[in-house]
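Subject: Handover of a structure for your review

Dear colleague,

Please find below the sequence and the structure that I am passing on to you. A summary of the findings follows them.

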Amino acid sequence: MLKGKVAVISGAAKGMGAALVKRLCFEGCQVVGLDIEAEKLKQLSEELSNRDQTFEGYICDVSNKAHVTDTIQLVIEKYKTIDILVNVAGVISVNPIQSMTMDEWEHTFSINTNGVFYLSQEVSKVMIAKQSGAIVTVSSNAASVPRTSMSAYCASKAASLMFTRCLGLELAKYNIRCNIVSPGATDTDMQRDFWKDGAIEQGIKGVQEEYRVGIPLQRIATPENIVDSILYLVSDQASHITMNNIVIDGGASLGAQ
Ligand SMILES: NC(=O)c1ccc[n+]([C@@H]2O[C@H](COP(=O)([O-])OP(=O)(O)OC[C@H]3O[C@@H](n4cnc5c(N)ncnc54)[C@H](O)[C@@H]3O)[C@@H](O)[C@H]2O)c1
């Protein structure tokens, strides 16, 4: 039963985050979205208020610890509690290791890993006080499968995955469950920018020179495919599940996670 729960979603302005916001609103949650894309947050807010649904966007850079702390403080002042946190915000960087700059490496980690740490640490204080809560981190199947030119992304996602498992272990005694979803190729701007020539078909078929096997189910995921698993993990139906990782990649990692 999700109705009435307060949910905080990072990376809410577009892609998977926006799809999750819409679904949680539909389920009757009070949804707070964090993102750096002010205009897109505003558009989402207008779209949802036309449907009489409760959504509020906050401009928040998850890679900035002080910004995260201040934003969560504002959310708590207004909504009094947080029941659900989903770490969706993420960036991809594509560059072979020999030409990767320190800036690229740090930028990728600052959002994909540090952002998950800052937000989870801050929100879990509220959850510990009330002895309940559900946290989900969106990692990637690239956390477990090495990819050429994606070392920073793969490593940052592996770190956020293991961080979330450790979080789940430390918070289990407070009745707080922490799980991970690991999508494969999913139809959002991030994926379309990745295949710059628009050749998502290459990802489906596989690219032998890059040791990239294709997707056995022969299609990329929709954002809603990922949202379905997140919804399950934050719901009471998953009340005995924690520190788990659901891989949603059409079989691309051959179940070898
Ligand atoms: N699309 C895929 O194929 C795919 C596959 C595996 C994992 N993922 C992961 O899923 C998550 C969602 O990806 P998506 O495909 O929806 O991407 P997207 O680029 O469509 O959306 C990402 C969102 O994160 C926000 N964001 C970026 N930096 C931020 C920051 N510093 N603070 C707050 N918000 C920030 C962006 O503004 C954007 O709204 C990411 O963590 C991504 O790594 C995506």
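Gln202 is a residue of helix H7, which covers residues 200–205; helices (H or I, at least four residues) and strands (E, at least two) are DSSP runs, numbered from the N terminus. Because its relative accessibility is 33%, Gln202 counts as partly exposed. The classes are buried for under 20% relative accessible area, exposed for over 50%, and partly exposed in between, with a 1.4 Å probe and protein chains only. From Gln202 to Asn95 the separation is 107 residues in sequence and 18 Å in space, C-alpha to C-alpha.

The model is predicted, so local features need pLDDT of at least 70 and side-chain atom pairs count only at pLDDT 80 or more, while totals for chains, interfaces and linings use all residues. Residues are numbered from 1 along each chain as its sequence is written, and side-chain values use heavy atoms, with hydrogens and water left out.

Domains

The domain assignment of the protein chain gives domain 1 as 6–184 + 223–246 and domain 2 as 189–220; such bounds come from an automatic or database domain assignment. The centres of domain 1 and domain 2, taken over C-alpha atoms, are 25 Å apart. Nine residues from domain 1 and five residues from domain 2 take part in the contact, where contact means heavy atoms within 4.5 Å. About 660 Å² is buried between domain 1 and domain 2, with 59% of it on carbon and sulfur atoms. Buried area here is the accessible area (1.4 Å probe) that two parts lose on being put together, summed over both. On the side of domain 1, Ile92, Arg147 and Thr148 supply 52% of the area buried against domain 2, more than any other three residues.

Strand pairing

Two strands are said to pair if DSSP finds at least two bridges between them. Strand S1 and strand S2 are parallel and share five bridges, and Ser10 has Leu34 in S2 as its bridge partner. S1, H1 and S2 form a right-handed β-α-β unit; right-handed means that, with the strands pointing away from the viewer, the path from the first strand over the helix to the second runs clockwise. In strand S2 (residues 30–35), five of the six residues are buried. S2 also runs parallel to strand S3 (residues 55–59), to which five bridges join it, with Asp35 opposite Ile59 in S3. S2, H2 and S3 make a further β-α-β unit, again right-handed.

S1 is joined to S4 as well, in parallel, by three bridges, and Val8 has Leu85 in S4 as its bridge partner. S4 in turn pairs with S5 in the parallel sense over four bridges, and Asn87 stands opposite Thr137 in S5. Between S4 and S5 the chain passes through helix H4 (residues 102–130) in a right-handed β-α-β crossover.

In a regular strand the side chains alternate between the two faces of the sheet. In S4, Ile84 and Val86 point one way, Leu85 and Asn87 point the other way, and all are buried.

Nonpolar cores

A nonpolar core is a set of buried Ala, Val, Leu, Ile, Met, Phe, Trp, Tyr and Cys residues joined through side-chain atoms within 4.5 Å. The largest one has 33 residues, and those with the most contacts inside it are Ile9, Leu20, Val21, Leu24, Val86 and Ile230. At least two residues of this core come from each of strand S1 (6–10), helix H1 (15–26), helix H2 (38–49), strand S4 (84–87), strand S5 (133–138) and helix H8 (223–234). H1 contributes the most, with seven residues. Leaving aside residues up to four places away in sequence, Leu20 touches Ile9, Val86, Val88, Val227, Ile230 and Leu231. A second, separate core has 24 residues, including Val75, Leu85, Met127 and Leu167.

Positive phi values

Two residues other than glycine deserve mention here. Ser149, in the loop between S5 and helix H5 (151–171), has a positive phi near 60°. Ser149 is partly exposed because its relative accessible area is 26%. Met243, in the loop between H8 and strand S9 (245–248), has a positive phi near 65°. With a relative accessible area of 27%, Met243 is also partly exposed.

Yours sincerely
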